[in-house]
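Biologist: Could you walk me through how to read pockets, cavities and a helix face in a model like this one?

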Amino acid sequence: MLRDNRFQRFEVIPLTGALGADVRGVELADNADDEVFKELRRVLDHYHVIAIRGQKLTPQTFHEVARRFGAFSGNPVHQPMEGLEDVVTFMREPEDTGMVAGENWHMDLAWMEKPPGITMLYGHVIPPVGGDTCFASLEHAYHALSPGMKTLLESLTGIHCGKGVFGINAATMRLGLRTDNAKAIEELETEHPVICAHPATGKRYVFVSSVLQRFKGLTEAETKPIVDYILGLATRPERTCRVRWEEGTLTMWANPFVLHTAINDYSGYRRVTYRTTVKGHVPMAAPAESNDAKAVRAA
């Protein structure tokens, strides 16, 4: 089993060649020092998805750990847990049927001006089998594009829309929604660059999501085939990882740089997770490349 020896405060074990890592040997609720949290941010910048095993968190300590990574991003869609404005409970009982929360490939709250920088999900009650979460790399999707497609996308702006978000979430049982602002969110449109750069590493990625309604200056019909193509590239197996849950797993992902989907394969079992998000940045357009860099890229 490969261990990433660049990180010494805990074990970091890559999940796949594309993204994702298991983290073992650290207890975040046990007064972990600031350097541990800084190192975890560096791991997240590199792997974009980390599953921190063996945690023992209550909703309150989950909240406390999350806020050490940064301020709450806000969540205008889901009803929070009583007494904790930044924590949502996702629950599924054995008798429940139908969709599970996050069943389709998506990015969390991509239509916000500042989409969450980190999503955090803690496994409180986990089925003995099933319920995994899959992730796809938008950085690797960028590198899979042809030079011509990269040039085209660099000139485009995506318009992300909250339309339909409440309908999708309402299809999930036991998920409370904040319907007081539903109309405003359904009508909300936010512009983001399509080719962006990671604020810490400078690496390029494609900012696409299931709520990218159209490119500025193009119609939805003209936009859809391009977005579908990029989503198809991103979600190919070689650009994904799969987190297998255990009770006490805290999974964190760098939300703007990945897509994720929940696997609905645990009928008859109970599953309870806590979720929160950390404030992110306005997506930053990647700087123009020099002609020399383009020549190297095309070679």
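Biologist: Which residues lie nearest the centre of the second largest pocket?

Modeller: Start with the general idea: rolling a probe the size of a water molecule over the atoms shows where empty space is left. Here a 1 Å grid is laid over the protein atoms alone; a pocket is an open set of points with protein on both sides within 12 Å along at least five of seven lines, a cavity is a set where a 1.4 Å probe fits but cannot get out, and lining residues have an atom within 4 Å of a point. In this case 22 residues line the second largest pocket, and R41, G117, P199, F257 and H281 lie nearest its centre. This is a predicted model, where local features need pLDDT of at least 70, side-chain atom pairs count only at pLDDT 80 or more, and totals for chains, interfaces and linings use all residues. Residues are numbered from 1 along each chain as its sequence is written, and side-chain values use heavy atoms, with hydrogens and water left out.

Biologist: How much space lies in the second largest pocket, and which helix gives the most to its lining?

Modeller: About 300 Å³, where a volume is the space filled by probe spheres set on grid points joined across faces, edges and corners. Helix α1 (residues 34-47) gives the most to that lining, with three residues; helices (H or I, at least four residues) and strands (E, at least two) are DSSP runs, numbered from the N terminus.

Biologist: What about the largest pocket?

Modeller: The largest pocket has a volume of about 890 Å³. Its lining has 45 residues, with A101, G102, H106, I168 and N169 nearest the centre. β4 gives the most to this lining, with four residues.

Biologist: How many cavities of 30 Å³ or more does the structure hold?

Modeller: One, and the largest cavity holds about 40 Å³ of space. Its lining is F72, N75, E85, D86, V87, V88, R275, T276 and T277. Strand β15 (residues 271-278) gives the most there, with three residues.
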